[in-house]
Number of protein chains: 2
Amino acid sequence: MYTNKYFKYTPTEIALEKALKHIKPIEDVEEVSIDKAVNRVLAEDIVANNDIPPYDTSHFDGYAARYEDTIEASYETPITLIIKGEIKPNTIVDYEVKAGEAYKISTGGYLPKGANTIIPKETTKIINENKIQITRKSKPFEHVIKAGEDYRRGETIFKRGRIIEPKDLDLIAYMKIRSLKVYRKAVISIIAVGDELIAEGNSPHTHMISNLIREFGGEPMDMGIARDNIEDIASKILNASMKSDLIVTIGGCSVGSTDLVADAILSIPNSQIIVRGIRRVPGRQTSFAIINGKPILMLPGLIQSMTIGFYTLGVPALMKLSNMNTHCKKMVIKVKISRRVKVENMLPFERALFGRIIELEDIPKVELLSGSSMLRRMIIESHGFLIIPPFKREVLEGEVLEMNLFKPINLQ
Amino acid sequence: MYTNKYFKYTPTEIALEKALKHIKPIEDVEEVSIDKAVNRVLAEDIVANNDIPPYDTSHFDGYAARYEDTIEASYETPITLIIKGEIKPNTIVDYEVKAGEAYKISTGGYLPKGANTIIPKETTKIINENKIQITRKSKPFEHVIKAGEDYRRGETIFKRGRIIEPKDLDLIAYMKIRSLKVYRKAVISIIAVGDELIAEGNSPHTHMISNLIREFGGEPMDMGIARDNIEDIASKILNASMKSDLIVTIGGCSVGSTDLVADAILSIPNSQIIVRGIRRVPGRQTSFAIINGKPILMLPGLIQSMTIGFYTLGVPALMKLSNMNTHCKKMVIKVKISRRVKVENMLPFERALFGRIIELEDIPKVELLSGSSMLRRMIIESHGFLIIPPFKREVLEGEVLEMNLFKPINLQ
């Protein structure tokens with residue numbers, strides 16, 4: 001048993017690496033109907049089960065013909081074609097176009113045998129029901145979508161790990177796939193800690209964290225509030241560890257006399273504290289442990305500290321659990337600072353500053369919000385946070401920095 | 001009755017303005033528990049029901065004291081304070097600090113009467129349970145969050161129209177609000193049109209559009225597939241108009257012999273076509289009508305045309321219906337083009353090109369994808385589209401243009 005419950009303040013990158021080492025992506029797979037699959041993580045490759053389109057297809061309402069028959073056509077010497085029939089979209093026919101013939105065809109219709117060009121309706125002169133005149137030479141496969149031009153049979157369209165989007169469903173439904181294999185959602189239990197919360201009968205932070213978990217594709221499980229005593233905390237953690245993939249505790253992980261979460265964890269056999277504090281403020285108390293291999297994220301109880309802690313270790317952990325491996329990267333964008341700000345920084349800690357995007361110029365312009373880490377206003381009014389390195393004492397107007405967004409931009 | 005079912009190709013901006021004139025924001029309000037409120041649109045202002053915090057609050061674990069008592073304190077001449085008791089977080093006490101006294105206090109504890117500074121635990125020397133020594137002068141209200149510093153009683157925290165986010169719930173729960181008034185979701189019925197879809201028993205586009213509607217906060221209602229005849233289309237539209245706030249038809253709105261949606265609409269008494277075609281390709285067939293005041297969006301049936309039509313008129317309509325008035329703006333970002341592309345443009349039409357963000361540099365770098373408007377690949381692989389004006393024949397490498405994202409960035 002590793003008993004160091006005292007703070008070490010690991011550099012953030014290393015803390016993240018250490019924590020993620022103990023996160024195993026979920027392997028359980030479930031099948032959902034395609035209309036319930038949006039935002040779920042695909043657990044199989046989706047391969048084109050046929051050429052798409054399956055046959056050469058008309059891109060216009062017009063006539064399917066042989067381009068060879070059109071070579072001599074001009075305004076002065078129009079060519080007459082005999083219409084042999086009509087072809088509707090997506091319908092397989094047994095027709096064959098011979099010299100001097102054509103078939104009326106709709107957009108999406110499959111070309112009959114022998115046809116190798118589409119003559120748009122607008123460019124023809126209709127003589128009667130069975131005859132048209134053309135006045136312009138066609139090109140081979142003009143206005144034709146070739147079989148397999150969109151996707152070739154056997155080609156992987158969606159890779160395992162893709163987060164399904166509405167626009168993916170069109171092709172999936174077209175291929176007559178009715179359900180998809182997706183990974184089970186990660187179950188994240190939340191334990192709020194503090195006698196004062198029990199007195200209030202309410203843990204506001206739990207509402208925020210559980211809905212953030214939902215937004216990042218996890219399934220929150222509210223385990224209620226633990227009293228400020230080791231036994232209660234430990235028994236709730238032990239209980240949660242049997243029901244969830246990751247445990248999040250809120251509060252009780254600092255150095256005060258009622259900060260007992262680390263002790264509670266260490267009172268459980270087979271537990272180990274992996275990260276005890278990170279070099280980032282607010283949120284430096286954020287810690288990470290395992291009991292019987294089950295990961296526990298300890299978040300501090302002040303709103304801003306909790307938020308930074310959750311985004312620093314919690315979101316990447318949830319992403320990895322959920323098989324959304326590269327998703328985190330899409331949370332960082334470059335922004336331009338709207339006005340100079342002095343940074344109250346302290347070695348060896350990075351400083352997280354909350355930023356509000358106030359203008360979407362070429363590079364989004366961001367106003368930095370400041371105020372005590374107990375205030376909720378900065379969280380409510382900001383769109384993300386910027387990490388200022390420990391030695392940096394100010395941020396200049398117009399400076400371009402990276403911002404971590406609270407909501408990822410979807411760039412898969 | 002306005003009978004013009006023939007194309008006019010309205011400039012996109014004007015088409016949008018005309019269509020939105022016929023969209024009335026939903027006024028129906030429903031109450032949902034706060035944990036079901038995320039992504040719903042707030043139908044009330046949320047006002048601080050008290051100062052937040054309600055009293056001067058300690059930002060540290062330490063001692064609540066009178067700063068006047070600390071003025072003479074120095075390392076050489078420490079000052080002794082008598083500890084009169086302890087104050088837990090969020091607990092209202094009736095204590096009063098007198099000269100030479102202090103109360104032990106936790107982070108989040110309310111200052112007792114008379115106290116006007118917090119002395120952090122780390123800066124004191126504990127003599128015994130009832131006595132501490134301090135060696136440093138405090139400042140007035142040092143480490144104190146003043147009552148109302150976060151929000152003042154009566155201040156509007158969230159305005160009607162806000163799309164609720166997880167981070168909003170912390171404060172809402174803190175104020176003991178258990179449910180929120182939100183606008184009813186807009187119900188959007190979807191009618192796919194085409195005999196070939198009936199033959200297939202499947203409308204792939206419906207899956208995409210209905211899930212997009214869901215993603216933008218609406219409630220899709222799949223009304224099935226209409227045959228290519230006026231009566232069937234008209235009866236499905238009439239039925240849908242009684243059950244939904246907006247009707248979306250897919251397919252059947254071009255100029256072919258089986259394009260009967262416009263005729264079907266005009267066969268219904270009290271109908272009017274408001275926009276017949278837009279000056280944007282793909283998607284130029286996109287049209288807009290009303291029957292008995294109920295709006296109908298006609299989308300073309302080819303995948304790319306449908307997508308552009310839906311984002312051009314459908315998304316803004318859905319946003320306005322849903323009371324998300326300014327949300328659309330957040331869908332446009334500046335991007336830098338990765339390589340020169342020739343644009344096949346045709347007056348008077350704008351050209352929509354699909355773009356894939358390939359690098360998040362200062363300005364996101366975008367690759368333009370090209371291919372027939374029947375191909376799904378461009379939709380699947382892109383993150384949005386760029387609108388190229390009719391006269392513009394090429395896009396240069398490094399050029400900075402606006403891109404409409406498929407998924408909005410949340411900047412409220």
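Author: What follows starts with the helices and then turns to single residues. The model is predicted, and each value below is computed from it.

Begin with helix α7 of chain A, which spans residues 303–321. Two packed helices are described by the angle between their axes and the distance between the axes. For α7(A) and helix α1 of chain A, residues 12–20, the angle is about 35 degrees and the axes are 10 Å apart. The crossing of α1(A) with α7(A) is right-handed. On the α1(A) side the contact is made by T12(A), A15(A), L16(A) and L20(A), and on the α7(A) side by T312(A), L313(A), P316(A), A317(A) and K320(A). Sorted by class, the residues of this contact are six nonpolar, two polar and one charged.

Helix α7(A) also packs with helix α4 of chain A, residues 204–215. Here the axes come within 11 Å and cross at roughly 25 degrees. That angle is under 35 degrees, so α4(A) counts as roughly parallel to α7(A). This crossing, too, is right-handed. From α4(A), the residues H205(A), M208(A), I209(A), L212(A) and I213(A) take part. They meet I303(A), M306(A), T307(A), F310(A), Y311(A) and L318(A) of α7(A). The contact of α4(A) with α7(A) has nine nonpolar and two polar residues, and no charged ones.

Helix α2 of chain A, residues 166–174, can be described by its burial. Eight of its nine residues are buried, so α2(A) is largely enclosed by the rest of the structure. The buried residues are P166(A), K167(A), D168(A), L169(A), D170(A), L171(A), I172(A) and A173(A). Their cover includes elements of both chains: β11 (156–158) and β12 (179–183) of chain A, and α4 (204–215), α7 (303–321) and α8 (377–381) of chain B. Just after α2(A) comes K176(A), with a positive phi of about 65 degrees.

Positive phi is also found in two loops of chain A. In N90(A), a residue other than glycine, phi is near 55 degrees. The loop that holds N90(A) runs between β5 (79–87) and β6 (101–105) of chain A. N90(A) counts as partly exposed because its relative accessibility is 30%, a value between the limits of 20% and 50%. In H143(A), phi is near 60 degrees. H143(A) sits in the loop between β9 (131–134) and β10 (144–145) of chain A. With a relative accessible area of 24%, H143(A) is partly exposed.

A further loop of chain A, between β25 (394–395) and β26 (400–405), contains E399(A). Is this glutamate buried or exposed? E399(A) counts as buried because its relative accessibility is 18%, which is under the 20% limit. Its side chain reaches the backbone nitrogen of L396(A) at 2.8 Å. Leaving out residues up to four places away in sequence, E399(A) touches V335(A), K336(A), I337(A), K392(A) and E394(A).

In chain B, T57(B) belongs to strand β3, residues 57–58. T57(B) has 3% relative accessibility and therefore counts as buried. The side chain of T57(B) reaches the backbone oxygen of Y55(B) at 2.7 Å. The C-alpha atoms of T57(B) and L405(B), residues 348 apart along the chain, are separated by 44 Å.

The loop between β2 (46–47) and β3 of chain B holds P53(B). I52(B) and P53(B) are joined by a cis peptide bond, with omega about -5 degrees. A cis peptide bond also joins V281(B) and P282(B), where omega is about -10 degrees. P282(B) lies in the loop between β17 (280–281) and β18 (287–291) of chain B.

Definitions and conventions
Residues are numbered from 1 along each chain as its sequence is written. Chains are lettered from A and ligands numbered from 1 in the order in which they are written. This is a predicted model: local features need pLDDT of at least 70, side-chain atom pairs count only at pLDDT 80 or more; totals for chains, interfaces and linings use all residues. Side-chain values use heavy atoms; hydrogens and water are left out. Axes are lines fitted to C-alpha atoms, for helices over the stretch in contact, and angles run from 0 to 180 degrees between N-to-C directions. Helices (H or I, at least four residues) and strands (E, at least two) are DSSP runs, numbered from the N terminus. A crossing is left-handed if the near helix is turned anticlockwise from the far one by less than a right angle, and right-handed if clockwise. Contact means heavy atoms within 4.5 Å. Ala, Val, Leu, Ile, Met, Phe, Trp, Tyr, Cys and Pro count as nonpolar, Asp, Glu, Lys and Arg as charged, and the others, Gly among them, as polar. Buried means under 20% relative accessible area, exposed over 50%, partly exposed in between (1.4 Å probe, protein chains only). A polar contact is a pair of N or O atoms within 3.5 Å; within protein, one must be able to donate a hydrogen and the other to accept it, and residues adjacent in sequence count only if both atoms are side-chain atoms. Angles under 35 degrees count as roughly parallel, over 145 as roughly antiparallel, 65 to 115 as roughly perpendicular and the rest as oblique.
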